[in-house]
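Here are my notes on the model, point by point. Please read them with the coordinates open.

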Amino acid sequence: MEPLLVSIIETANTLNLGRTSVYALINEGKLETRKMGRRRLVTVASIRRLVGEQD
């Protein structure tokens, strides 16, 4: 089963960006997050949407 949520670090690695850039995309509303306990995780669907917009 494919994960639905990934960490900020995993998102940064996937997109070849730094953590600061990932947080900027979150603040701009381009990436969606969910809070799980104390962790903030990024939805895989929003990463795919972001990459799809770049084509």
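1. Contact here means heavy atoms within 4.5 Å. By that criterion, and not counting residues up to four places away in sequence, Ala12 touches Leu17, Gly18, Arg19 and Val22.

2. Ground rules. The model is predicted: local features need pLDDT of at least 70, side-chain atom pairs count only at pLDDT 80 or more, and totals for chains, interfaces and linings use all residues. Numbering runs from 1 along each chain as its sequence is written, and side-chain values use heavy atoms, with hydrogens and water left out. Helices (H or I, at least four residues) and strands (E, at least two) are DSSP runs, numbered from the N terminus.

3. Two strands count as paired if DSSP finds at least two bridges between them.

4. Strand pairings. Strand 1 pairs with strand 3 (residues 39–43) over 2 bridges, in the antiparallel sense. Val6 has Val42 of strand 3 as its bridge partner. Strand 2 and strand 3 pair over 4 bridges, also in the antiparallel sense. Here Arg34 is bridged to Leu41 in strand 3. Strand 2 and strand 3 form a hairpin with 2 residues between them. In the turn, Gly37 has a positive phi of about 65°.

5. Arg40. This residue lies in strand 3. Arg40 is partly exposed, with a relative accessible area of 36%. The classes are: buried under 20% relative accessible area, exposed over 50%, partly exposed in between (1.4 Å probe, protein chains only). Leaving aside neighbours within four places in sequence, Arg40 is in contact with Ile8, Thr33, Arg34 and Lys35. The side chains of Arg40 and Thr33 are joined by a polar contact of 2.9 Å. A polar contact is a pair of N or O atoms within 3.5 Å; within protein, one must be able to donate a hydrogen and the other to accept it, and residues adjacent in sequence count only if both atoms are side-chain atoms. The C-alpha atoms of Arg40 and Val6 are separated by 8.9 Å, at 34 residues apart along the chain.

6. Ser46. A polar contact of 2.9 Å links the side chains of Ser46 and Thr43. Beyond its neighbours within four places in sequence, Ser46 is in contact with Lys30, Leu31 and Glu32.

7. The core. The largest nonpolar core has 12 residues, among them Val6, Ala12, Val22, Leu31, Val42 and Leu50. Such a core is a set of buried Ala, Val, Leu, Ile, Met, Phe, Trp, Tyr and Cys residues joined through side-chain atoms within 4.5 Å. Helix 1, helix 2 and helix 3 are the elements that give two or more residues to this core.

8. A backbone point to check. Asn16 has a positive phi of about 55° although it is not a glycine. Most residues other than glycine have a negative phi. Asn16 sits in the loop between helix 1 (8–15) and helix 2 (19–27). At 72% relative accessibility, Asn16 counts as exposed.
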